[in-house]
There are 2 protein chains.
Amino acid sequence: MTEPAFLVLTALVDRPRHGYGIVQEVEKLSEGRMRLKVGTLYGVLDRLAADELVSLDREEVLQGRLRRYYRLTEHGVRALDAEAARLAENVRSARDRLRDRHAEGTA
Amino acid sequence: MTEPAFLVLTALVDRPRHGYGIVQEVEKLSEGRMRLKVGTLYGVLDRLAADELVSLDREEVLQGRLRRYYRLTEHGVRALDAEAARLAENVRSARDRLRDRHAEGTA
DNA sequence: CCCGATATCCTGCTTTCCGATATATCCTGG
DNA sequence: CCAGGATATATCGGAAAGCAGGATATCGGG
């Protein structure tokens with residue numbers, strides 16, 4: 001799973017959101033570090049929908065502007081959980097090794 | 001930074017390794033989960049070298065076979081450390097949200 | 001004697017990223 | 001009253017990246 005896909009899934013965990021809302025939520029949850037590009041978003045959303053990790057929740061027309069809401073599927077929840085575990089393992093092994101490297105210099 | 005790049009840097013933390021050795025080390029440190037493709041490796045190595053996160057350590061000819069060793073630069077160590085922190089943040093926010101989602105169902 | 005492991009590298013296909021652009025509405029400030 | 005920023009979706013095309021496959025070459029085991 002790519003990083004933008006991971007962030008989109010994370011943004012959808014608490015409730016369905018529309019495209020622009022996802023962009024804002026990703027920026028918020030990453031404390032401004034990640035700014036999801038709209039050019040990236042729709043491609044990611046299409047791929048996630050094709051894989052059935054997200055699905056179209058509903059469409060609203062608010063003040064003449066279309067809002068298309070996506071929600072996380074149960075499959076999506078499991079995929080996000082598995083990916084988080086996988087990334088955590090990568091982080092752990094990198095940190096273990098970095099710690100050993102510095103410990104050697106100290107010893 | 002892409003995931004293969006992250007894994008290559010991790011594999012080089014403890015000592016310089018040559019291409020094929022990196023492939024094996026990545027497979028070992030990920031407990032068989034990640035199998036780095038050779039077609040991916042050399043492109044990654046070139047990019048990391050261009051960014052000065054790794055550098056050519058030495059070349060050996062062992063039993064008629066060339067071995068080209070790469071080592072992590074100090075810049076590479078810092079980049080790996082920063083990337084690990086960034087990924088850890090992504091994992092943390094995903095897990096926080098997943099926990100809340102399940103807590104709601106429980107409450 | 002062939003095959004798997006070891007070892008590097010290139011080519012080309014596919015996927016993905018993302019800047020740019022297009023379209024359209026609403027609100028605020030000047 | 002109008003310019004510009006925020007809100008909102010979508011597409012195009014270039015660039016970057018991933019990766020399967022194949023070329024090339026040695027060594028050891030069955």
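1. A polar contact is a pair of N or O atoms within 3.5 Å; within protein, one atom must be able to donate a hydrogen and the other to accept it, and residues adjacent in sequence count only if both atoms are side-chain atoms.

2. Some ground rules come next. This is a predicted model, in which local features need pLDDT of at least 70 and side-chain atom pairs count only at pLDDT 80 or more, while totals for chains, interfaces and linings use all residues. Residues are numbered from 1 along each chain as its sequence is written, chains are lettered from A and ligands numbered from 1 in the order in which they are written, and side-chain values use heavy atoms, with hydrogens and water left out.

3. Now the DNA. A residue is near a strand if one of its heavy atoms lies within 4 Å of it. DNA strand C has 19 residues around it, and A:Thr2, A:Arg47, B:Tyr20, B:Arg67 and B:Arg68 come nearest. By class, this surface has 6 nonpolar, 7 polar and 6 charged residues. Here Ala, Val, Leu, Ile, Met, Phe, Trp, Tyr, Cys and Pro count as nonpolar, Asp, Glu, Lys and Arg as charged, and the others, Gly among them, as polar.

4. Which parts of DNA strand C lie within 4 Å of the protein, sugar or phosphate, or bases? Sugar or phosphate accounts for 77% of those atoms, and bases for the rest. Backbone atoms of the protein take part as well. At A:Gly39, a backbone N or O atom lies 3.4 Å from a base nitrogen. The elements that give two or more residues to this surface are helix H3 (38–50) of chain A together with helix H2 (19–29), helix H3 (38–50) and strand E3 (65–72) of chain B. Helices (H or I, at least four residues) and strands (E, at least two) are DSSP runs, numbered from the N terminus.

5. The two protein chains also meet. Chain A and chain B each put 34 residues into the contact, where contact means heavy atoms within 4.5 Å. They bury about 2,900 Å² between them, 55% of it on carbon and sulfur atoms. Buried area is the accessible area (1.4 Å probe) that two parts lose on being put together, summed over both.

6. How many salt bridges link chain B and chain A? The count is 10. A salt bridge is a side-chain nitrogen of Lys or Arg within 4 Å of a carboxyl oxygen of Asp or Glu. Across the interface there are also 12 residue pairs in polar contact, both residues at pLDDT 80 or more. On the side of chain B that touches chain A, helix H1 (3–11), H2 and helix H4 (74–106) of chain B each supply at least two residues. H4(B) gives the most, with 20 residues. By class, that side has 16 nonpolar, 4 polar and 14 charged residues.

7. A:Arg101 pairs with B:Glu74, the closest N and O atoms being 3.7 Å apart. B:Glu89 and A:Arg33 meet at 3.5 Å, N to O. This pair runs from helix H4 of chain B to the loop between H2 and H3 of chain A. A:Arg97 and B:Asp14 also meet at 3.5 Å, N to O. A:Arg97 lies in helix H4 of chain A and B:Asp14 in the loop between H1 and strand E1 (17–18) of chain B, so the pair joins two chains. A:Arg97 is buried at 16% relative accessibility, whereas B:Asp14 is partly exposed at 40%. Buried means under 20% relative accessible area, exposed over 50%, partly exposed in between (1.4 Å probe, protein chains only).

8. Another salt bridge stays inside chain A. A:Glu83 and A:Arg86 meet at 3.0 Å, N to O. Both lie in helix H4 (residues 74–106) of chain A, 3 residues apart, about one turn of the helix. A:Glu83 and A:Arg86 are both buried. Over all chains, the structure holds 35 salt bridges.

9. Last, B:Asn90. This residue sits in helix H4 of chain B. B:Asn90 counts as buried because its relative accessibility is 3%. Leaving aside neighbours within four places in sequence, B:Asn90 is in contact with A:Glu3, A:Phe6 and A:Leu7.
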